[in-house]
Amino acid sequence: MWDMSTRQMNFSTAGIEWNVQVIGDGHQTIVALHGFGQNGELLAPLLRHLPSDEYRLLLIDLPGFKNTNLPESHVRKGMDPESIAKGIDQIIAEYGTDLLHFLGYSLGGRYLLNQLLYGSKPAEQITLIAPDGFRSNKFRRFLTSTWLGNKLFRWFTRYPGFVFALVET
């Protein structure tokens, strides 16, 4: 049975002060990356069904979420996927083990895909849950990349009833 008490760690790399929760001391590490608007704690309950003596969980808060900062320089010029992957590599080197498993949910799946491209740590197993980044969506690009789209996105998230009413008609 898991002792769900976590060791809260802070790790500075790639200009980012990362927040990492470490659970367990097993010889296999699961690196879990959460979705948009969430944090690493979201994934902890999913992993309780694994043998606690075999696994160590690294629940990493992605940049800009919960206790991981998003430096102003990254906000202005965007985040470089390669440097983010190197940052995650350094976290794994500090807290992980040789046997790695990656779990990415939604936005965490997109980060995980970049990790597989640019990171240096090979994975034993990869699990993607509703990953972002497999195909381009013009509406999503409009909502996230334009001034008007950003305004609409904020409005939709504040007043979702309007969107649901449109879908039901």
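Predicted model: local features only at pLDDT ≥ 70, side-chain atom pairs only at ≥ 80, totals over all residues.
Q: How many helices and strands does the protein chain have?
A: There are six helices and six strands. Helices (H or I, at least four residues) and strands (E, at least two) are DSSP runs, numbered from the N terminus.

Q: Which pattern do they follow along the sequence?
A: The protein chain reads β-β-β-β-α-α-β-α-β-α-α-α.

Q: What is the order of the strands in the sheet?
A: The six strands form an open sheet in the order 1-2-4-3-5-6, with mixed pairing. Two strands pair if DSSP finds at least two bridges between them.

Q: Which strands stand at the edges?
A: Strand 1 and strand 6 (125–129) do; each has a single partner strand, so one side of each is left without a neighbour in the sheet. From one strand to the next, the twist averages 20 degrees.

Q: Which sense does the pairing of strand 1 and strand 2 take, parallel or antiparallel?
A: Strand 1 (residues 7–13) pairs with strand 2 in the antiparallel sense over seven bridges. Ser 12 stands opposite Glu 17 in strand 2.

Q: And how many bridges join strand 2 to strand 4?
A: Strand 2 and strand 4 (residues 55–61) run antiparallel and are joined by five bridges. Here Val 20 stands opposite Ile 60 in strand 4.

Q: Why is strand 2 described as largely enclosed?
A: Seven of the eight residues of strand 2 (residues 16–23) are buried, so the rest of the structure largely encloses it. Buried means under 20% relative accessible area, exposed over 50%, and partly exposed in between (1.4 Å probe, protein chains only).

Q: What about strand 3, how many of its residues are buried?
A: Six of its six residues are buried, and strand 3 is mostly covered. Gln 28, Ile 30 and Ala 32 point one way from the strand, whereas Thr 29, Val 31 and Leu 33 point the other way.

Q: Changing topic, which strands does helix 3 lie across?
A: Helix 3 (residues 107–118) lies across strand 3, strand 5 and strand 6, running at about 140 degrees to strand 5. Axes are lines fitted to C-alpha atoms, for helices over the stretch in contact (heavy atoms within 4.5 Å). Angles run from 0 to 180 degrees between N-to-C directions.

Q: And helix 2, at what angle does it run to strand 1?
A: Helix 2 (residues 81–95) runs at about 135 degrees to strand 1, and the strands that it lies across include strand 2 and strand 4.

Q: Last topic: where is Leu 148, and is it partly exposed or buried?
A: Leu 148 belongs to helix 5 (residues 147–158) and is partly exposed, with a relative accessible area of 45%.

Note on methods:
Residues numbered from 1 in each chain as written. Heavy atoms only, no water.
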